[in-house]
Amino acid sequence: MSGKKILIIGGVAAGPKTAARARRLDPEAQITILEKGRHISYAGCGMPFYLSGQIHDFDHLYSTAYGVKRDPAFFKAERGVDVLLGMEAISIDRANKKVVARNVETGEETVFEYDKLVLGTGSYPITPPIENLDLKGVYRLNHLTDAQVIKQAMDAGEVNDVVIIGTGFIGMEALDAVFSPMRTVTVVEFKETLLPGILDPDMGKLLYKQLYEQGIEGRFGEKVLRLEGEDGKVTRVITDKGAIDADAVILAVGVRPNVKLAQEAGLTIGETGAISVNEYMQTSDPDIYALGDCVENTHLITGKKVFAPMATYANRQGRVVGDNVTGGKSTFKGILGTGVLHCMNMNVARTGLGEVQAKALGYDVETVRVSTFDMTHYHPNSKKVLFKMIVDKNTRKILGIQGIGQGEVAKRIDVVATMINYGGTLDDLLELDLGYAPPFSTPIDPMVHTGNTLKNKLAGVAKTYSPEEVQAKLERGEDFLLLDVRTPQQFNMRHIEDDRVQQLTLGELRDKLDQVPRDKEIVTVCVMGSRAYEAARILEGAGFKDVKFMEAGMEGWPFDMDE
């Protein structure tokens, strides 16, 4: 084996993963990690759980599963890797294969030689053009030290009226961590819905409806202009639409790739603003690799370059780079943008393209939304889930799926991600042999149920309107009948208040067809959509000419009820 020098810049996720893999493959290599911060190999994804009190010991965020702190001594003893904390790399001399690093406390500079250099420089939080961000009570949630500062403020009773600016993954995790019935929490989002770019607007609105019912206030389509304070502490957030009281503000407007070091070294920066790498994770210099939040990725469906800073990619790429810096030829083909989130008792998951993204790229798409249970309805642990599936009409290839609900959505999205990865069609998905028992699923899995509905839609058997289309018809004053086929008790609990609404229970429909007008368009509706579909088929079978049902039922209705 060689005694080659492998120098790694960055010690959060990507760097340590690379080092660990490289060490296993090359026992003799000299492996060094330079990290400018105070912690190494920490679980950034665990910070919300520390804030919410689910993780009591801060040290657990950078400890192994068997309870040993991942500090320089651990890396030296268990990995044979030299870790230097508080060391910031400031320049790369590619011709002589040297890196100059500066001690952040003393300013002293040291030169490190390398045979293979790995850049895991990560990302940095975007600082929006908002006045007075230096006020006390303004926080971020990007690094471990941020979590400590927020936790101290929460424990001291200084966090009561919270405003979270931005509703991407970090903003939603912050929301989950700080929410309590004792606090007022408001999210401000420049776009029109929660998780923009992650969920389609229709799914974002449904998610917000669930969070609103739990006590969250949302301000959408608003731009934050400035913060105001007294005695140096934040008191109000001023947007282009008004003011919000706040004694704590969490900025979560996204991150940008940290490419300064690479750029100054003359390495190619891609169209997304992140470092350009090939499938071996090599930069434009074959002896310099880059990975994690500082690189751009290839989207497996579109082939386009995307910036997608996710812990999963950092770790997967670390394994690839660990192989390749020790002489291997492993590849990282690309990503689907698979993401999952737990917030306020709601699970959120997505993979592939959303409807908005797919249409913008020129795909001819069909979509469906289906509300159902994640396991047999009679099981005491069953919970509701709602899925949206997107397919290409021409090839029937699955383009994406999104799921929200209190039930299990992540494993379903993972199955679809696997199908998409192998170029699977809707028909392929419906043939999968998936596991069933009442505590795990329904006899036909909810995700397959969604696919079956979409197949029926493509075949013209299921003719639907989305809840948004039904709302638009109501607002336009169209003359149609909204036939609610739930029981009277369900109808009375919550229904759309309109003269065009008629209640007729599904079990009575066949005997009371004479009560349904034949000269109007009929749109059927129920709780989740299945009874409405059944009713639509009954009406069509009885000769009614213009019948549709509302997808996802009242569970998919994101609008206020005029009760």
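Predicted model: local features only at pLDDT ≥ 70, side-chain atom pairs only at ≥ 80, totals over all residues.
1. **Main core.** The largest nonpolar core holds 94 residues. L119, L175 and L207 have the most contacts inside it. Helix α5, residues 169-178, supplies the largest share of this core, with 6 residues. A second, separate core has 22 residues, among them I401, A417, L426 and L454.

2. **Helix α5.** This helix is mostly covered, with 8 of its 10 residues buried. The buried set is F169, G171, M172, A174, L175, D176, A177 and V178.

3. **L119.** Leaving out residues up to four places away in sequence, L119 touches I9, I92, L261, A262, L267, I275, I288, Y289, A290, L291 and C294. L119 belongs to strand β7, residues 116-119. K116 is in that strand too, and is taken up in point 5.

4. **D285 and R94.** A search of the whole structure finds 36 salt bridges. One joins D285 to R94, with the closest N and O atoms 2.9 Å apart. D285 lies in the loop between α7 and β18, and R94 in the loop between β4 and β5, so the pair ties together parts 191 residues apart in sequence. D285 is buried, at 10% relative accessible area. R94 counts as partly exposed, at 30%.

5. **K116 and D287.** These side chains meet in a salt bridge, at 2.7 Å from N to O. This pair also links distant parts of the chain: K116 is in β7, D287 is in the loop between α7 and β18, and they are 171 residues apart. K116 is buried, with a relative accessible area of 18%; the cut-off is under 20%.

6. **Other salt bridges.** R102 pairs with E109, the closest N and O atoms being 3.8 Å apart. R102 is partly exposed at 34% relative accessible area. E109 is partly exposed at 47%. Elsewhere, salt bridges link D200, D202, E355, K359, R369, K388 and E468 in a network.

7. **Aromatic pairs.** The structure holds 5 of them. Y533 and F549 form a tilted pair, 5.3 Å centre to centre with 50° between the planes. Y533 sits in helix α16 and F549 in strand β30, so the pair ties together parts 16 residues apart in sequence. Y533 is partly exposed at 23%; F549 is buried at 4%. The rings of W557 and F559 have centres 4.9 Å apart and planes at 75°, so that pair is edge-to-face. W557 is buried at 1%, whereas F559 is partly exposed at 22%. Ring pairs also join Y208, Y212 and F220 into a cluster.

8. **Lysines over rings.** The charged end of K151 sits over the ring of Y50, 5.9 Å from its centre. K329 lies over the face of Y280, at 4.4 Å from the ring centre.

9. **T524.** This residue is in strand β29, residues 521-525. T524 is buried, with a relative accessible area of 0%. A polar atom of its side chain lies 2.7 Å from the backbone oxygen of A532. Beyond neighbours within four places in sequence, T524 contacts L483, A532, A535, A536, L539, K548, F549 and M550. F549 is the residue that pairs with Y533 in point 7.

Key: Residues numbered from 1 in each chain as written. Heavy atoms only, no water. Helix = DSSP H or I, 4+ residues; strand = E, 2+ residues; numbered from the N terminus. Buried < 20%, exposed > 50% of the residue type's maximum accessible area, 1.4 Å probe, protein only. Polar contact = N/O pair within 3.5 Å; in protein donor to acceptor, adjacent residues only side chain to side chain. Contact = heavy atoms within 4.5 Å. Core = buried A, V, L, I, M, F, W, Y, C linked by side-chain atoms within 4.5 Å. Salt bridge = Lys/Arg side-chain N within 4 Å of Asp/Glu carboxyl O. Phe/Tyr/Trp six-rings, centres within 6.5 Å; stacked < 30°, edge-to-face > 60°. Lys NZ or Arg CZ within 6 Å of the ring centre and 35° of its normal.
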